[in-house]
Amino acid sequence: MYTPAHFAASDEALTALLTHSGAANLVTMSPNGLLATLLPFVYEPSVGGHGALQAHMARNNTQWSSPVSGEALMIVQGADAYISPSWYASKAEHGRVVPTWNYSTAHVYGELVVHDDVEWLGRHVRRLSDQHESGMDRPWSVDEAPGRFIAGQLRAIVGVELVITRVEAKTKLSQNRNAADVDGVIAGLRAAGKPGSAADVERARTS
């Protein structure tokens with residue numbers, strides 16, 4: 001990943017991205033070419049030396065059973081947004097401004113491990129559900145569904161875990177702009193209904 005020094009993600013930013021992102025594209029190279037699936041995941045820092053991304057996919061999806069050549073890759077994406085040059089204070093000063101795109105992303109490489117046992121899957125889906133239900137007014141729990149129904153659902157999926165070997169991460173969040181321009185970007189993003197992207201720019205400015 002091309003990453004100028006001022007856009008390199010800090011360890012704190014990377015941890016936040018892996019912890020709070022909802023889904024990532026799992027990309028593997030099979031004998032028949034590249035395969036990719038978008039999967040919701042949870043980040044487990046205690047696995048291996050660098051943590052792991054734990055997910056699941058449909059049993060009928062052949063990606064999990066296809067031999068993997070080399071490393072597997074999960075592409076994690078944070079909030080992203082168009083940045084209008086009209087938001088920059090420097091536009092009025094000299095006009096030498098152009099549009100760009102702000103984003104946070106991580107290319108997470110590692111060994112893909114398949115989990116085809118009901119205990120691992122049961123723990124995984126509960127943790128995944130709890131993670132996303134935590135902000136709900138009335139959080140739903142896996143245990144609210146009939147046990148036989150859940151057992152059937154678990155038989156229809158397979159766990160996949162990317163044990164991380166290396167990460168390339170980038171936070172392109174207007175760090176190359178002056179303070180007045182950054183103020184304009186934050187205000188513009190809020191006005192455009194992009195509070196998450198605005199918050200990312202604010203965090204990048206103070207980090």
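The second largest pocket holds about 200 Å³ of space, the volume being what is filled by probe spheres set on grid points joined across faces, edges and corners. By pocket I mean an open set of points on a 1 Å grid over the protein atoms alone, where a 1.4 Å probe fits, with protein on both sides within 12 Å along at least five of seven lines; lining residues have an atom within 4 Å of a point. This is a predicted model, where local features need pLDDT of at least 70, side-chain atom pairs count only at pLDDT 80 or more, and totals for chains, interfaces and linings use all residues. Residues are numbered from 1 along each chain as its sequence is written, and side-chain values use heavy atoms, without hydrogens and water.

Among the residues lining that pocket are His56, Trp140 and Ile157. Two or more lining residues come from each of α3 (118–133) and α4 (147–155); helices here are DSSP runs of H or I, at least four residues, numbered from the N terminus.

Now the largest pocket, with about 410 Å³. Of its 20 lining residues, Ala13, Ala16, Thr171, Asp200 and Arg203 lie nearest the centre. Helix α1 gives the largest share of that lining, five residues.
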